[in-house]
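Hi everyone, thanks for coming.

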Amino acid sequence: MLLSGRVAIITGATRGIGLSIAKLFIAHDAIVYVNGRDEKQVYAVVDQLNNENEQAKPLIFDVSDDRCVKDAFQQFYKQSKRLDVLVNNAGVLDDALIGMVKKDQIAKTFSINTFGALYTSQYAIRLMSRKKSGAIINISSIIGNTGNSGQAVYSGSKAALIGITKSLAKEVAHLNIRVNAIAPGFIDTDMARSIPEKMFQERLDSIKMKRIGYPEEVANCALFLASALSSYVTGQIIGVDGGMLI
């Protein structure tokens, strides 16, 4: 078991990539705090994940609200005096051509995709620094690396997350806290399935491996970055994209 005794918080863990990461971490004996904004949904996922050992626990808060994040981490600290892994997975996709982008779209996208990761990392680092050990994994996107037509806001938010990853990695390396990011390509999630059929096919055709990726494949990379297998890896952006070209 690669994560025995480790405690992890995974944001946006009620579906898609976040849920797959939660399942895999639990399979490797981690205690996982499942985050989401919808209380009923979070508790339903916790019930789904828990078998005999009750390794999944709810942690309900909105990553875009700094006060909610602070309160949630205070609540978390009362339950668990340690934090080993933070996965900043919560994200939103709201595409529009630049001429059609509205101010509230920009605010919402950056508040969840970018600001949320800063808020949670701030409190996570305080906890991890107590024992001078920890791993933060930010879920960015291939779009954050390459950009894409009609996705200036989304790509900007994910590119910012890459910059945050590299900067935090340098800032906290002396504390033995590692900060890395995963940049998934086209992954089979509700978000991917929500785009128009023509665009879906275009994205599929751009992948050299000729298939869509699976959330479990991103989770495998997250497991590597969370475990001792990556003990000397920090400040890296790892693409999980099947050779996708944009």
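Let's start with the lining of the largest pocket: its residues divide into 21 nonpolar, 18 polar and ten charged. Here nonpolar means Ala, Val, Leu, Ile, Met, Phe, Trp, Tyr, Cys and Pro, charged means Asp, Glu, Lys and Arg, and the others, Gly among them, are polar.

This is a predicted model, where local features need pLDDT of at least 70, side-chain atom pairs count only at pLDDT 80 or more, and totals for chains, interfaces and linings use all residues. Residues are numbered from 1 along each chain as its sequence is written, and side-chain values use heavy atoms, with hydrogens and water left out.

Which residues lie nearest the centre of the largest pocket? They are Arg-15, Gly-91, Val-92, Leu-93 and Met-191, out of 49 lining residues. A pocket, on a 1 Å grid over the protein atoms alone, is an open set of points where a 1.4 Å probe fits, with protein on both sides within 12 Å along at least five of seven lines; lining residues have an atom within 4 Å of a point.

Now the sheet. Strand 7 pairs with strand 6 (residues 177–184) over four bridges, and Ile-238 in strand 7 stands opposite Ile-182.

Notes: Pairing = 2+ DSSP bridges. Helix = DSSP H or I, 4+ residues; strand = E, 2+ residues; numbered from the N terminus.
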